[in-house]
Amino acid sequence: MKNPFPQELNRRGFISATAAATLASGIAPLPALAAESAGNLHLGTFRFDVTPPMGHSLCGGWIKPVVGVDDPLEAIGYVLLGAGKPIVVCVVDWTGLLNSAHIQWRQALADAAGTTIDRVAVHCVHQHNAPFACLDSEEIVLAQGDLPHIVERDFFLECLDAGREAVGKAMKQTTPVTHVARSQAKVDKVAGNRRLIGLNGKVISQRGSSSKNAMHHAFPEGLIDPMLKTVAFYNGDKKLAACHYYACHPMSYYGDGRVSADFCGLARKQMQKQEPDCTHMYFNGCGGNIGAGKYNDGSKVMRPILTQRILDGMVAAQETLVPEAIESIRWETEDILPPINPAFDEEALMRQISDKTQRVVHRNRPSYTVAWIRRIQAMVPITLSCMHINDVSLVHLPSESFIEYQLRAQAAAPNRFVACAAYSDGGPWYIPTADAYPQGGYAVSVAHCSAGMDPILSGGIASMLSRV
């Protein structure tokens with residue numbers, strides 16, 4: 001198969017593999033470089049529509065395709081100028097952007113901003129009645145001739161064009177940014193840990209995004225991060241942009257072909273109506289093992305209830321924001337090369353994909369795993385990034401990382417306000433902790449990385465936080 005990844009990224013992958021091994025072995029990272037200047041910062045915001053057309057696949061083609069739109073999907077972000085090369089941060093109302101699709105998206109926004117791809121972070125909110133974009137998987141399923149699209153390339157490219165245009169306009173319409181504020185508030189009755197552990201130390205059930213199972217409702221919330229964090233940028237006392245972070249699978253119900261930003265996206269849209277002069281963004285934290293199934297029975301009446309609970313958290317966090325003059329800012333990155341889960345065999349997966357007696361979900365979904373195996377064989381890394389502003393650290397992590405990584409990041413920098421956004425490059429699929437593998441359960445069974453991912457990812461996070 002033709003290698004879909006650029007040779008330069010392959011070389012970076014080799015370097016990242018060495019760096020990751022060094023971090024995992026406990027060797028101290030290199031000394032930090034001098035902080036970037038914070039004296040002449042400007043910020044521009046952008047948004048563009050990414051709603052899929054009628055008939056387009058949703059969630060990778062294994063649920064009902066688009067039959068209607070309840071509310072449109074958006075990509076929203078900001079460009080920050082004056083701290084070295086431009087920085088671009090964007091969040092998309094899609095299930096995921098994986099592998100070369102994620103790289104192409106970041107490169108398109110980088111080109112529009114006149115910066116380098118390592119200074120662009122793109123995340124997904126992870127709604128399921130939305131596109132799940134992997135161009136490499138799309139090639140694999142198209143070759144079969146009888147499978148639904150993963151993502152239609154023409155639509156994907158149209159979104160990239162819209163992104164370039166939106167970022168280009170934002171670059172010409174920037175505003176001085178002088179202050180930053182951060183706060184947090186507890187969200188009640190939304191998140192619960194999805195992995196219910198029995199007395200034998202094994203997963204006895206997965207409590208999904210919704211459930212009618214009384215046992216799922218009776219079990220305690222378990223390990224979560226109950227706090228919704230908000231970081232806002234100001235020009236003087238004028239709020240320009242607000243970024244909200246909360247860790248939970250963001251689906252109330254899905255699979256009916258009705259496109260929606262769902263309860264987290266709808267809460268964001270309500271905040272936008274309340275503060276139309278401020279650009280609001282919602283980032284899903286490390287919600288790989290977190291869902292609303294303790295409190296959500298999947299009925300349609302629960303969507304507005306969950307929306308209100310997230311909105312209440314956003315409003316409460318907003319009320320305690322105190323702007324502080326920006327005195328320091330720096331952007332950090334760390335390339336890692338995760339290990340492939342040895343449970344997967346490419347040839348066996350390709351036989352499964354070609355088996356016309358299998359259901360679509362059992363043929364389309366393995367194409368993501370094959371794409372990941374080929375990517376790692378090509379040594380194309382995952383890029384972690386982090387922006388430090390005063391005592392705030394915004395950590396950008398890949399895929400469906402478990403909540404433990406978010407809690408570890410906060411514990412690693414107890415004197416800082418650490419907000420985590422996960423669901424950037426979705427190539428790894430779920431990212432459990434090493435302790436989760438012997439416990440079993442769904443997430444472990446489909447994780448594209450082995451347990452060796454834990455020290456590599458944890459080391460990368462610690463390295464970025466140690467440089468401030």
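Residues are numbered from 1 along each chain as its sequence is written. In this predicted model, local features need pLDDT of at least 70 and side-chain atom pairs count only at pLDDT 80 or more, while totals for chains, interfaces and linings use all residues; side-chain values use heavy atoms, with hydrogens and water left out.

Student: Which residues have the most contacts inside the largest nonpolar core?

Tutor: A nonpolar core is a set of buried Ala, Val, Leu, Ile, Met, Phe, Trp, Tyr and Cys residues joined through side-chain atoms within 4.5 Å. Buried means under 20% relative accessible area, exposed over 50%, and partly exposed in between (1.4 Å probe, protein chains only). The largest such core has 87 residues, and those with the most contacts inside it are Val92, Trp94, Leu97, Trp105 and Phe156.

Student: Are helix 2 and helix 4 roughly parallel or roughly antiparallel to each other?

Tutor: Helices (H or I, at least four residues) and strands (E, at least two) are DSSP runs, numbered from the N terminus. Axes are lines fitted to C-alpha atoms, for helices over the stretch in contact, and angles run from 0 to 180 degrees between N-to-C directions; helix 2 (residues 100–113) and helix 4 (residues 153–172) pack at about 30°, with axes 8 Å apart. Angles under 35 degrees count as roughly parallel, over 145 as roughly antiparallel, 65 to 115 as roughly perpendicular and the rest as oblique. Helix 2 and helix 4 are therefore roughly parallel.

Student: How many nonpolar, polar and charged residues make up the contact of helix 2 with helix 4?

Tutor: Contact means heavy atoms within 4.5 Å, and the residues that meet include Trp105 in helix 2 and Phe156 in helix 4. Ala, Val, Leu, Ile, Met, Phe, Trp, Tyr, Cys and Pro count as nonpolar, Asp, Glu, Lys and Arg as charged, and the others, Gly among them, as polar. The residues of this contact divide into eleven nonpolar, three polar and one charged.

Student: What term describes the orientation of helix 6 and helix 7 to each other?

Tutor: The axes of helix 6 (residues 262–274) and helix 7 (residues 302–319) come within 8 Å and cross at roughly 50°. Helix 6 and helix 7 are therefore oblique.

Student: Is histidine 126 buried or exposed?

Tutor: Histidine 126 is in the loop between strand 6 (120–124) and strand 7 (132–133), and has a positive phi of about 90° although it is not a glycine. Most residues other than glycine have a negative phi. With a relative accessible area of 3%, histidine 126 is buried.

Student: What is the relative accessible area of methionine 379?

Tutor: Methionine 379 lies in the loop between helix 9 (361–377) and strand 20 (382–389), and its phi is also positive, near 60°. Methionine 379 is partly exposed, its relative accessible area being 26%.

Student: What distance separates the C-alpha atoms of tryptophan 429 and glycine 96?

Tutor: Tryptophan 429 lies in the loop between strand 23 (417–421) and strand 24 (430–431), and counts as buried at 6% relative accessibility. Leaving aside neighbours within four places in sequence, its contacts include Trp62, Leu98 and Tyr442. Tryptophan 429 and glycine 96 are 333 residues apart along the chain, and their C-alpha atoms are separated by 9.4 Å.
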